[in-house]
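Thanks, everyone, for making the time. I would like to walk through a few local features with you, so please keep the sequence and the structure in view while I talk.

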Amino acid sequence: MGDALGSDLISDLPQSIVESILVRLPIRDAVKTSILSSKWRYKWASITQLVFDEKCVDSCSDRDVVEKSVVKFITRLLFLHQGPIHKFQITISYLQSCPEIDQWILFLSRNDIKELVLELGEGEFFRIPSCLFNCKKLSRLELFRCELDPPLSFKGFLCLRSLNLHQVLISPDAIEGLISNCPLLESLSLSYFDSLALSIRAPNLKYLYLEGEFRDICLDDTPLLVEISVAMYMTDDIAEHFEQSASCNFLKFLGGVPNLERLVGHIYFTKYLSIGNDPGCLPIIYKNLEIIELNQVSFEDMKEILVVLRLITSSPNLKELQISGSSNIPSATDAPDLDFWEKECSSKCRLSHLRVVQLTDMCGVPHEMELIKFLLASSPVLETMSIIPCVYVVESQLKMLTELVKFRRASAKAEIVFVRE
Amino acid sequence: MELLCIRQWISGLLPTVKKWLSAWCIKPVGGALVRQEPEYILLALMGSPLKKIMLCSSEKEIFSVEEQVMVQHSVIINNMIEDGSYNHEESKIPLDCVDSKTLKKVIDYCTHHTHHHNDNQEDLEAWDAQFLNVDSNGLYDLLMAANYLEIRNLLDLIYGTIKNMIKGKKIDEIRRIFNIKDHGFTPEEEEQNRKEYPHFY
């Protein structure tokens, strides 16, 4: 490329094409084109996406110097910029909260900002200025380590589709208000809040990710939810609060999501669902639920096992199931309520689409074996079942294998893969 | 041979026949030069011709290509076919801003990507790299054609190539690649830039 006889065609490309190229460059390279030639002086200045990361200025050993130079770079850039800015993203760990950031957000609020991502350093949380709430066209907001305090007159972001708050200080009322006042909200992600009690009303919500210590979550109005992923941490406070509540968490959380397609639960999620009265036979069938992943299920807690079973039996189109156990040391070979399996699981229960099952951290406790037996007997199209035993129980692996071999299989094609270290 | 025998023979010896037929790929029809894809002749013999459309370059050369291939890649052509403004029997789509050489390349790209979309990523990327091994005039023509026809993946590919001509490179090098002989700055401005940003030169 670059024959001496050719002419410079690239500099005369239409601005829309030039912008498509510049937007794919790191911001530093895009701005560098201003010294390429007089034609290129201002081509970069109208790009609509500004993404700043650790590499946008030269690094050096003195953090203060680098921080000052980043602030200067961004401020100068915004000053020279022309036209609307649709996306503004800062992911710089050495940038701490400073007054210039307020000015940048004010500038953005006057320039039709649609996507804002702010991930600053680990120091003092940045307090989001109130001008953010005037950004009428905001469709995506991601904040890390900030303080958010919507004014009383705030009526919501009418165009917001995606909200991601990670370690954000905001009152529970404000968060509930924010969620329910954004009518187009499709994706919600909340992580690292302290003891949040939340009732989510979002009629268009499709994707929900929760991680942290949640005291109480209620999905009040989320009929279109398609994917849920929850990692629930438990403290003693929260555990105590749960002992006292009688409402059924399973129904509060999963009672109103008939269109669910994928459910992922980590840490204490199954425990959280098991609290409260047993819903009995569920009033809801998850006819689109194809993938269930539940981690750290305690097979010594009958209520948790019941949750798992209710989920499986209410998902007639389940294709993939992944469960990981969390039993510590296997207790005695006898466990209470083993006859519960015969009572609850009628032989007529068929998981007619289940193809892949993966069970990890299995210790060989009786209820784990009963679950495997149930799955093998009820899945006529099962292709693979992988069992990865817990690393601490080398002795009982042979016992597990012996029992496994006896189980009847509904699917002639089923392969059982027992993974040993 | 009877047509029936030909069909049976073809279905048994498909790969060999394709090679044999590729020698027949140019057939004069009417006054214009029409390219016939070997697969089309093969399928015509087997009784199920693929729908073809005619594209006309700025030099009035006509290219016949599978409708499915162009519709999958070009938003403009897809819209034309969908809203019924294209009549298969008679009309050809005039592309006055695309010359024959470029149009042939664009058709090659679309055809390859339709027929090889199941190939693994590395093979496709290697083919794309070879495809874009052209001089800057050729690249410019391809870019304008892809932009006009709205062929998203070809556009992204070309944007990526041009982006790599800029990313991480010094100003002097980019000027050489883009053939910028006169940067248009006054000598004072150029000197000032070099003093302020020495690491970019």
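Helices (H or I, at least four residues) and strands (E, at least two) are here DSSP runs, numbered from the N terminus. This is a predicted model, in which local features need pLDDT of at least 70 and side-chain atom pairs count only at pLDDT 80 or more, while totals for chains, interfaces and linings use all residues. Residues are numbered from 1 along each chain as its sequence is written, chains are lettered from A and ligands numbered from 1 in the order in which they are written, and side-chain values use heavy atoms, with hydrogens and water left out.

Let me begin with the backbone. Most residues other than glycine have a negative phi. R145(A), however, has a positive phi near 55°, and it sits in the loop between strand 5 (140–144) and strand 6 (146–147) of chain A. Is R145(A) buried or exposed? With a relative accessibility of 9%, R145(A) counts as buried, where buried means under 20% relative accessible area, exposed over 50% and partly exposed in between, using a 1.4 Å probe and protein chains only. K60(B), in the loop between strand 3 (52–56) and strand 4 (62–66) of chain B, is also not a glycine and has a positive phi of about 65°, but K60(B) is exposed, at 56% relative accessible area.

On a 1 Å grid over the protein atoms alone, a cavity is a set of points where a 1.4 Å probe fits but cannot get out, a pocket is an open set with protein on both sides within 12 Å along at least five of seven lines, and lining residues have an atom within 4 Å of a point. Grid points are joined across faces, edges and corners, and a volume is the space filled by probe spheres set on the points.

The largest pocket has a volume of about 890 Å³, and among its 27 lining residues V31(A), F73(A), R76(A), E196(B) and Y197(B) lie nearest its centre. Helix 3 (63–80) of chain A gives the most to this lining, with eight residues.

The second largest cavity has a volume of about 30 Å³, and its lining includes W40(A), I162(B) and I166(B). Which helix supplies the largest share of that lining? Helix 1 of chain A does, with three residues.
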